[in-house]
Amino acid sequence: MARLPITKTPKVYVGGAFIRSESARVFPITGFAGEFFANIPQCTRKDLRNAVEAAAKAGPGWAKRTAYNRGQILYRLGEMIEARAGEMADAIMLGGATPAAAAREVAATVDRLIYYAGWTDKYEQVLGNVNPVAAPYFNFTVTEPMGIIGVIAPDEAPLLALISLIAPAITSGNTVVALASSTQPYPAILLGEMLATSDLPGGVVNLLTGFRKELISTFATHTHLRAISAVVNAEERKALALGAADSVKRTHLRKAEDKHDWLADSAQSLEAIRETLEFKTTWHPVGA
Amino acid sequence: MLARSPQAALQRLFDEVGSVDQIGVDERVAKYGTRSIKKASKIQGLKLAASMVDLTTLEGKDTPGKVASLCQKALAPHDPELGVPQVAAVCVYPAMVKHARRALGRDTAVRIASVATAFPSGQVPLKTRLAEVKAAVADGADEIDMVINRGAFLAGEFSEMQDEIAAVVQACGDATLKVILEVSELETYDNIRAASFLAMRVIRPGDFIKTSTGKTSLNATLGNNQVMLEAIRDFYLATGVAIAMKPAGGIRTAKQALTFLVAVKETLGDAWLNNRRYRFGASSLLNDLVRQLEKEKTGAYQAPYYFSEAAESY
């Protein structure tokens with residue numbers, strides 16, 4: 001007997017829950033051949049605000065986890081993606097990637113998570129320091145996570161680039177509010193489902209889908225976002241730089257015009273972890 | 001012969017003052033959040049809500065210094081350029097009244113409210129409670145927040161409960177009285193309405209009825225706020241006496257406060273939209289009101305740690 005088709009309603013993952021946009025708006029995405037695939041939530045500035053509230057709530061608990069535990073959880077996220085690699089590759093192929101390229105992107109995404117999982121309890125040893133001073137004091141430099149990081153992902157490599165921006169931020173105990181690719185948002189929808197089963201506390205990573213031009217200015221001006229990590233064009237860079245100056249936040253803006261090889265080893269680094277850290281230097285008397 | 005059980009006494013009271021359609025109230029208040037309040041009307045609402053705040057600190061760890069800084073905040077909630085009004089009152093324990101008076105001075109529009117009568121339980125002899133009220137008034141309290149005798153109410157001893165309120169009214173002198181029903185311990189909307197009427201019959205025009213102490217699990221909700229507003233409306237229509245209202249506990253966000261104001265506007269009308277007739281008992285609400293006003297002014301969402309008292313730094 002013929003079954004009725006059961007189609008999925010894509011929802012975004014915010015604050016540990018799967019939600020529609022508060023505006024109830026959606027936009028259609030198509031497969032590579034132009035056929036209708038699904039309606040994706042068109043998130044608004046209010047959704048972004050709510051996601052920041054969720055990230056703020058989750059932040060202190062995530063930053064207090066031991067570095068070792070954060071590493072375990074990042075590794076677990078890698079496991080969850082690995083287990084659904086085929087489904088994720090299909091999502092990437094909606095944008096026209098060949099099966100081989102899609103499989104390569106998923107594998108590289110998992111590897112990237114494992115890379116940063118390894119760094120969680122090691123970056124402090126490399127970036128922190130006991131500084132030489134000419135007096136009987138210890139002088140320590142230690143790192144601290146910044147807080148809530150805004151991520152704006154590019155259209156190319158819709159999964160790998162997104163993870164390459166998110167993973168180094170959460171490695172050190174930051175939380176993230178990320179805007180996925182507008183043209184290929186479906187991998188981010190699937191990623192939300194994997195985040196939900198990865199032991200990552202709800203609210204640590206919040207994924208939004210929607211249009212950049214509606215959300216860029218709020219990313220720029222929201223004072224609770226401590227840094228922006230984004231791949232953006234010249235006009236967007238200007239808007240982000242102006243807003244960030246007003247709200248005193250750090251920006252790490254990669255040019256959308258440049259060619260980025262997200263598969264390369266150069267797309268993962270200790271430097272990427274360092275971009276979302278603040279450094280604190282303290283003096284302490286020797287022997288006291 | 002009249003049955004003498006508490007249930008029978010309550011039933012006679014319900015017959016007299018009317019009972020509450022619980023489903024109807026819950027359905028009605030669920031709609032209040034859907035009103036669209038934007039731009040100028042939102043700014044007006046936020047400022048109105050700020051002027052209605054009873055800025056509260058009721059903790060065992062309160063010190064004269066903490067009360068003094070609370071009073072400073074009551075007088076000047078934020079940068080004057082933002083135009084946030086002074087709050088209606090500060091609300092403190094009786095032992096802190098004299099410190100609040102010293103911090104505020106005599107010549108101020110900000111009133112001092114004090115929770116007398118063995119707050120929050122009320123479980124001490126009446127004589128002791130009355131002495132506490134008199135001491136707070138003597139120290140400079142303008143308003144007294146008392147708790148009703150819930151035990152007497154639930155046992156059906158309504159005249160005992162009313163006599164105690166009347167005695168506190170006497171002890172207050174010129175001070176305004178707020179009668180805390182502690183709705184979470186009254187359990188049903190019918191009981192809340194009945195207790196509201198019992199209280200309103202013995203207090204003076206301009207005195208308040210108040211939802212809760214903030215010290216129990218369930219505090220002010222739109223539902224019990226609505227039941228009390230409707231009791232005030234019905235009492236006013238029957239007697240011409242205007243009683244004021246104060247929800248307290250659990251109102252933390254500006255959005256919640258605006259929704260409560262919608263309830264007041266649509267149930268009692270503009271005559272109750274001022275701080276002589278409506279108050280919010282809250283400690284952190286003012287921060288969020290200021291935060292939202294700043295957002296309306298600048299257009300940028302604000303981090304909570306830019307405003308006082310939000311201690312978390314994340």
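**Figure 1. Overall build of chain B.** With 314 residues, a compact globule would have a radius of gyration near 20 Å, and chain B agrees at 19 Å. This radius is taken over C-alpha atoms, and the globule rule is 2.2 Å times the number of residues to the power 0.38. The model is predicted: local features need pLDDT of at least 70, side-chain atom pairs count only at pLDDT 80 or more, and totals for chains, interfaces and linings use all residues. Residues are numbered from 1 along each chain as its sequence is written, while chains are lettered from A and ligands numbered from 1 in the order in which they are written. Along the principal axes, the C-alpha atoms of chain B fill a box of roughly 70 × 45 × 35 Å. Chain B holds 12 helices and 8 strands. Helices (H or I, at least four residues) and strands (E, at least two) are DSSP runs, numbered from the N terminus. Of the 314 residues in chain B, 47% are buried. A residue is buried if 20 or more other C-beta atoms lie within 10 Å of its own, exposed if 12 or fewer, and partly exposed in between; C-beta atoms are placed from the backbone.

**Figure 2. Overall build of chain A.** Chain A has 10 helices and 12 strands. Its radius of gyration is 20 Å, close to the 19 Å that the globule rule gives for 288 residues, so chain A is as compact as a globular protein of that length. The C-alpha trace of chain A spans about 80 × 40 × 35 Å along its principal axes. Buried residues make up 46% of the 288 residues. Take contacts in chain A between residues at least 6 apart in sequence: 74% join residues at least 24 apart. Two residues are in contact if their C-beta atoms, placed from the backbone, lie within 7 Å.

**Figure 3. The largest nonpolar core.** This core has 95 residues, and B:Val90 and B:Val179 touch the most other members. Helix α9 (residues 189–200) of chain B gives the most to this core, with 8 residues. Apart from it lies another core, of 81 residues, including A:Ile40 and A:Leu77. A nonpolar core is a set of buried Ala, Val, Leu, Ile, Met, Phe, Trp, Tyr and Cys residues joined through C-beta atoms within 7 Å. In soluble globular proteins, nonpolar side chains tend to be buried together. Leaving aside neighbours within four places in sequence, B:Val179 is in contact with residues including B:Met146, B:Ile148, B:Phe208 and B:Lys210.

**Figure 4. Helix α12 of chain B.** Helix α12(B) covers residues 285–298. Its 14 residues reach 20 Å from first C-alpha to last, close to the 20 Å expected at 1.5 Å a residue. The expected span is 1.5 Å times one less than the number of residues. α12(B) is mostly covered, with 10 of its 14 residues buried. Among them are B:Leu285, B:Asp288, B:Arg291 and B:Glu294. The buried residues pack against α3 (39–51), β1 (53–56), α11 (254–267) and β8 (280–282) of chain B. B:Gly299 follows α12(B), and its phi is positive, near 85 degrees.

**Figure 5. Helix α2 of chain A.** The 17 residues of α2(A) (residues 67–83) should span 24 Å at 1.5 Å a residue; the end C-alpha atoms are 25 Å apart, which agrees. Buried residues in α2(A) include A:Arg70, A:Ile73, A:Leu77 and A:Ile81. Seen down the axis, the buried residues fall within an arc of 165 degrees, so they line one face of the helix. The arc is that of the directions from the helix axis to the C-beta atoms. These buried residues pack against α3 (85–93), α4 (99–119), α6 (160–171) and α7 (186–196) of chain A.

**Figure 6. An open sheet in chain A.** The sheet has 3 strands in the order β5-β6-β12, with antiparallel pairing. β5 (129–130) and β12 (277–285) stand at the edges, each with a single partner strand, so one side of each is left without a neighbour in the sheet. Two strands pair if DSSP finds at least two bridges between them. β5(A) and β6(A) (residues 137–145) pair over 2 bridges, and they form a hairpin with 6 residues between them. A:Asn129 stands opposite A:Thr141, and A:Val130 stands opposite A:Phe140. β6(A) and β12(A) pair over 9 bridges. A:Tyr137 has A:Pro285 in β12(A) as its bridge partner.

**Figure 7. Where the chains touch.** The contact takes 11 residues from chain A and 8 residues from chain B. α1 (45–64) and α8 (212–221) of chain A each supply at least two residues of the side of chain A that touches chain B. α1(A) gives the most to that side, with 4 residues.
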